[in-house]
Amino acid sequence: MTDSETANKAGPWWRNAAIYQVYVRSFADGNGDGVGDLAGIRTHLPHLRDLGVDAIWFNPWYASPQTDGGYDVADYRDIDPLFGTLAEAEILINEAHELGIRVIVDIVPNHCSDQHAWFQAALAAGPGSRERARFLFRAGKGPDGDEPPNNWLSNFHGSSWTRVTEADGSPGEWYMHMFAPEQPDFNWENPEVHEEFESILRFWLDRGVDGFRIDVAHGLVKAEGLPDIVDLDSAGYKRPYEDQDGVHDIWREWRRITDSYAGERTLVGEVWLPDPARFARYLRPDELHSAFNFDFLNCAFTEPAMREVIDATLASHAPVGAPTTWVLSNHDVARHVTRYGRADTTFNFGHRQHGVPTDLDLGTRRARAACLLTLALPGGVYIYQGDELGLWEVEDIPEALLQDPVFERSNGVDRGRDGCRVPLPWQGELPPFGFSPDGAEATPWLPQPAAWKDYTAAVQVGDEHSMLELYREALRIRRATPQLGDGPMAWIEAPDGVLAFSRDGGFTCVVNLSSGPIEMPAHESVLLSSGPLDEGQLPPDTAVWLATTG
């Protein structure tokens, strides 16, 4: 896509953008080692150009031990050799720009790897040192200091504290990690941490990246004194390790940096909060440009639930003038083809529904309808790799092959997130389906279902009934239609179980989530439908875009 093709969209590009998420390990393997890499991505950039996206968001590509899929960063200024080189990343950024595709890179400011030079120096320096002050080291409780400093639990199960052995061999201090023990949290009360990340931002902005997706954007600042958790079940209780007021000062610092660069650079937050009003505070004009809408991802695929979330999202974003965003899947959640085929179509980290029966045909119909719904709503949209192919969650990966640390940390209770991270199928009848080059001896790092032979990109190109061609055509229409992207919308009266809205006159989206067919509203023509129409009626679990009288 070129800038001229989006010139009819009002405002900065990020207010309207369709952004494609690339999980580097699973996109395409260029060197035959079974792991996705930058060479593989470069080979398939034309796929993303033809899909019609405005930008790519890359999950972490930094040097890392890969304990948590790259979210344990050892060096923020270099590329992991597993993926390529820094020089290759610079070439990839330029090649994407030549195709009219912007580049957003993941940044992980809450924590780093325990192999990061700073943390290794902290272990060597000992208690009370400048090096340890960059992290959250504390003495333990109890007469021998053998109890954690507080009762906080890790997001990956178990305590959020690990005790170190000091240089003299004695049991020492504890350090905090809200994720795996290999991911120590930074101390954002320390000015050195601020200075380091400001330098990292400039390092990548100077190399042409167009923005950053910020991991755990709500969690960098902890409550003063690191108090014990009192009652997580109490209504309105704010956890002491998230959404602290001081975090907003960080985003104001970062916003000043991105605003100092030409080219409309952007900051996108991963913000998991239940309160829409507090969520919106991250999107004030001097903070983040946008943030992921997880309420929409999590909610049930029903008309009342969808309508409620859409209304709440629009209402919370309006006072701060921020664009809304819409997302159906990502690298942390079960793919929506699988979710939407279940009796319970919601998503919850506490109950991932591993192994719960799903109707993939039903899930696919609903996923097609959801595609048109999200691309018609105001604001920006995120597409997770494989969404455009209609891929489902792979739930039968042998336990011996699971790599997500969540599986081990939960003692096998939670199978983790590997099922949505399985390498993509590009072409061919057998695995690895073109993920790795011909003749590669290594197998993909996670196994692919044999049934994906019918879902490769090559099979779907040119098939007007395929998920890929639906996404391509929808994105083409969205790009060419001035009303779509950022801007107003208005609900239209519709039967129970039906979402119907117009976009600034002349465009109407109708999504039938009821149990029976409905009559479509008056229209001049059908622009696109997610499934066959039945003599002017819209079947259940189907969406349609209509050209209407303005």
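Me: What is the relative accessible area of H157?

Reply: H157 is partly exposed, a class that lies between buried (under 20% relative accessible area) and exposed (over 50%), using a 1.4 Å probe and protein chains only. This is a predicted model, in which local features need pLDDT of at least 70 and side-chain atom pairs count only at pLDDT 80 or more, while totals for chains, interfaces and linings use all residues. Residues are numbered from 1 along each chain as its sequence is written, and side-chain values use heavy atoms, with hydrogens and water left out. For H157, the relative accessible area is 33%.

Me: Near what value is the phi of H157?

Reply: H157 sits in the loop between β6 (137–138) and β7 (161–165), where strands are DSSP runs of E with at least two residues and helices are runs of H or I with at least four, numbered from the N terminus. H157 is a residue other than glycine, and its phi is positive, near 80°.

Me: Is Q66 buried or exposed?

Reply: Q66 belongs to the loop between β3 and β4 (75–79), and it too is a residue other than glycine with a positive phi, near 65°. Its relative accessibility is 17%, so Q66 counts as buried.

Me: Which strand holds D106?

Reply: With 0% relative accessibility, D106 is buried. Leaving aside residues up to four places away in sequence, D106 is in contact (heavy atoms within 4.5 Å) with residues including W57, P60, Y71 and R213. Its place in the chain, residues 102–107, is strand β5.

Me: How far apart in space are P60 and D78, C-alpha to C-alpha?

Reply: P60 lies in the loop between β2 (55–58) and β3 (62–63) and is buried, with a relative accessible area of 3%. Not counting residues up to four places away in sequence, P60 touches G70, Y71, F83, D106 and V108. P60 and D78 are 18 residues apart in sequence, and their C-alpha distance in space is 11 Å.

Me: At roughly what angle do the axes of α12 and α15 cross?

Reply: The axes, lines fitted to C-alpha atoms over the stretch in contact, with angles running from 0 to 180 degrees between N-to-C directions, come within 10 Å for helix α12 (residues 360–376) and helix α15 (residues 467–480). Angles under 35 degrees count as roughly parallel, over 145 as roughly antiparallel, 65 to 115 as roughly perpendicular and the rest as oblique. The two helices cross at roughly 15°.

Me: How far apart are the axes of α6 and α7?

Reply: Helix α6 (residues 191–205) and helix α7 (residues 247–259) pack at an angle of about 30°, and they are therefore roughly parallel to each other. Residues of α6 in the contact include F197 and L201, while those of α7 include W254 and I257. The distance between the two axes is 11 Å.
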